[in-house]
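Have a look first, then we'll talk.

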Amino acid sequence: MIAVLLMQTIALTGATVYPVSRPKIEHATVLIRDGRIAAIGTKVVIPAGATRIDATNMWITPGLLDGSGQLGLVEVDGVAATRDADVKDDTVAAAFNVAEGINPASRLIAITRIAGVTTTLAMPLTGLIRGQAVLIDLDGATLEAMLVKSPVAVVAELSEETKSAGGGSRAGAAARLRRVLDDARAYSLRKADWARGAMYPLAAPAADLAALGPVLRGELPLIIIANRRSDIATALRIAREYRLKLILSGVAEGWQMAADIARARVPVLVEPLDNIPSYDALGARYANAALLERAGVKVALLETNTHNSRNLRQQAGNAVAYGMGWDAALRAVTLSPAEMFGVAARYGSLDSGKVANVVVWSGDPFELSTRVEHVFIRGAEIPLRSRQTELLERYRTLPPKY
Amino acid sequence: MPRLLTCLLAAVTAASAAWAQGAARPAPAESSSVDRQQYPSQYARHPYPLVAITNATIMTAAGAEIPHGTIVLRDGRIVAVGAGVPVPPDALQVDGTGKYVTPGIIDPHSHLGVYAAPATEAESDGNEMTNPVTAEVWAEHSFWPQDPQIPLAIAGGVTTILVLPGSANLIGGRTAILKLIPARTVQELKFPGARYGLKVACGENPKRIYGQRNQFPSTRMGNMAGYRMAFSAAEVYRRKWDAWNADRRGDPPERNLRLETLADVLRGRIYVHNHCYRADEMAQMLDLAREFGFRIRAFHHAVEAYKVADLLAQAGTAAVVWADWYGFKEEAMDGIQQNAALLQQAGARTSLHSDDPGGIQRLNQEAAKAMYAGQHAGIPVTRDQALRWITANPAWVLGIDSIAGTLEPGKMADVVLWSGDPFSVYTKAQRVYNDGWLVYDRDDAAHQPRSDFELNQVPTPGSDR
């Protein structure tokens, strides 16, 4: 059935289209065919037999991409049986790829995609080196059908949460991370010695060291979660030392060192609505995303609450309210994260040949009054149904419709 | 029932009177066990000049929006609201062109000050997790007025909060109604004359906390038995004290702080604020209240309230809910975005809350999300109703609705000037007046309060914190 849907040709007509890769186009048509964007513009020839959807007065954007969270990896936070996002007894878990923990039947998936978020990172939780994150489209009966890219990055964390991995000191945690990276490099050069048992005791199991090979070669990004200025500086230092392709996540105090981050050409994943002071980030503030972006840092915006990934657009709206340009904010929930995760050739903008993850909105996608009219994932229209819409219909009038 | 109503009315009148006399006046005796005052409010209105906000869209939470309206604040009160209101010549005039005015936001469920930032164990003071029934503890005794989260909430337009103990216990302790202003002591924040509440918690939390320790309760039936045993003891206590108070002969009965609070619930002097997620448990709690002859003022969190909206409307119990939280625990699985709208439709008293130091800063956005979720699903909700979810209705939940929660002449001058439509994601609170005092001005660093905690520690960020 999925194959049949993919074969459809759909023409969305009359809308204001925000391709992200170029300026908006008024009264435009978006043509979707075989799961891809076939054409976009004001002079698109609509083939006979195409399904036409009138999108006059509506806005069309790429599906939103949330570069955080544990979608598919957690159903109920309070129920351990439904959580698959971490390997708790392993603080150096570079080989832990979350993919097979993802549940394509998770009820959260429909709840999220009908709000316009079509692609999310599924990120491991906990540990100095948490494991490998993957990128998924929010549609598909199997993991294979959902996966966009695996792995997208190895995820590490330098914070008050992970300093225990270094004996209780941030310096210890940084030193341990360096030991692991050093040994990963040594392991990649001396696999034969290792197999003969002719190497010194290594800082992590061989599988974890092997998983860091692509990171050390600069082929796979290392996402480091860091919020305190000193932790961000440590992350930048380590990335420089090992020539890593670094992505910073969290970065709550990043606005205080935006020029340094820009100079290092390190992109950042930021949650705009983060301003509660903690000892991990006393300087957290709403303007963080805007200030980083203004300094020339590539910024992607997050909603880190997995159950409410759908509020990514509210996060983006607030980033705008606190100084980010509207176009920059749209890019920060579409093309910028796609670039960071190495999928921009297929995702993040409305261009011919890209995967047809497309959302039709009643208006400005960041505005609270706006509703989702249509969602397409890989060219298939998604029914705007979820467990929550079914509960609504059951209890819309009382007594309920049992 | 009539006795209870009389009691409620008397309390409201007393609260109004205390406030009208310029605050800092002792509240009526809060306990039947002692005649002495207990931790009285030391709240005093901060003097501020006469203010007139002109040419703004005024949303009163008491009827239609007033375009190009004027509102006049004098000595802590709203003295005039309307389209043709003359501006007193001596007023500080604030140009409201293109801006909106609403009542100050009231958050009926907050743990500010009791779970203060920076969230250290040292300042984690919200749950007395040593006994499933701790009616004897008072949230105000944990409250830290230098919590750096307080200025952030003020900047979000919040003027009054209900601070509650956490939900680890079946009966967690007394709540406190606080004005949200900078102050050195909690006594200076206590809403004058306001009545106490009692935090009661259903469901997973108490049975998990104590069950894990192999202690009572470990089941929902254990939870119910726990409330019933507590209130049974309170009935005996109440009878003893009422008998002694009748003639005051002989030695008074021994004072028991736990039962004293519970007895005042039975007397209708203390409101019950009931943390409760599941619909079936709300029905159980309404029956518990009937068994012991008290009323539950509000179910808080109440993610399944929409399933029993009719029962809540009938019982006169408010539902205090989130816009869209769900799924963080099993009993929260069935949260839907139309909860508030469906409650409104059923005629239940509907309120939003934050329960969160982030969410409290944008309750206007939460109201907008809940309103639009309803409207988009074809459930009629007006803008005035949605505004009432964060103003007039939480005022009722707290029992201060005769004093605060709407923009009407005579009401306390808790007023927010917004940069635009408060239901837009792009709108920010521009000015916040609390009891007539300009407590926050986004454009003037002199009116951007900072807690002691922040000094030389949290960078001074300018207006857009």
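Q: Before we start, what kind of model is this?

A: This one is a predicted model.

Q: What makes helix H5 of chain B "mostly covered"?

A: A residue is called buried if 20 or more other C-beta atoms lie within 10 Å of its own. Seven of the ten residues in H5(B), which spans 257–266, are buried. They are B:Leu259, B:Glu260, B:Thr261, B:Leu262, B:Ala263, B:Asp264 and B:Val265.

Q: What covers the buried residues of H5(B)?

A: The cover includes strands E8 (171–179), E9 (197–201) and E10 (271–276) along with helix H4 (220–247), in chain B. Just past the helix, B:Gly268 has a positive phi of about 80°.

Q: How do you know which strands of chain B are the edges of the open sheet?

A: The sheet has eight strands in the order E6-E7-E8-E9-E10-E11-E12-E13, with mixed pairing. Strands E6 (105–110) and E13 (350–352) of chain B each pair on one side only, and they are the edge strands. From one strand to the next, the twist averages 25°.

Q: Why are E10(B) and strand E11 of chain B called paired?

A: Pairing takes at least two bridges found by DSSP. E10(B) and E11(B), residues 296–301, are joined by five bridges, so they count as a pair. The two strands run parallel.

Q: What makes up the contact between chains A and B?

A: Residues count as in contact if their C-beta atoms lie within 7 Å. Chain B puts in 43 residues and chain A 37. On the chain B side, helices H2 (149–155), H7 (309–315) and H9 (363–376) each supply at least two residues. H9(B) gives the most, with five. By class, that side of chain B has 23 nonpolar, nine polar and eleven charged residues.

Q: What makes chain A a case of two domains, and how many residues touch across them?

A: The domain assignment gives domain 1 as 1–62 + 349–402 and domain 2 as 64–347. Their centres, taken over C-alpha atoms, are 29 Å apart. Across the boundary, 26 residues of domain 1 are in contact with 24 of domain 2. Strands E5 (59–62), E14 (358–361) and E15 (372–377) and helix H14 (387–395) of chain A each give two or more residues to the domain 1 side. E15(A) gives the most, with three. By class, the domain 1 side has 15 nonpolar, six polar and five charged residues.

Key:
Residues are numbered from 1 along each chain as its sequence is written. Chains are lettered from A and ligands numbered from 1 in the order in which they are written. This is a predicted model: local features need pLDDT of at least 70, side-chain atom pairs count only at pLDDT 80 or more; totals for chains, interfaces and linings use all residues. A residue is buried if 20 or more other C-beta atoms lie within 10 Å of its own, exposed if 12 or fewer, and partly exposed in between; C-beta atoms are placed from the backbone. Helices (H or I, at least four residues) and strands (E, at least two) are DSSP runs, numbered from the N terminus. Ala, Val, Leu, Ile, Met, Phe, Trp, Tyr, Cys and Pro count as nonpolar, Asp, Glu, Lys and Arg as charged, and the others, Gly among them, as polar. Domain bounds come from an automatic or database domain assignment. Axes are lines fitted to C-alpha atoms, for helices over the stretch in contact, and angles run from 0 to 180 degrees between N-to-C directions.
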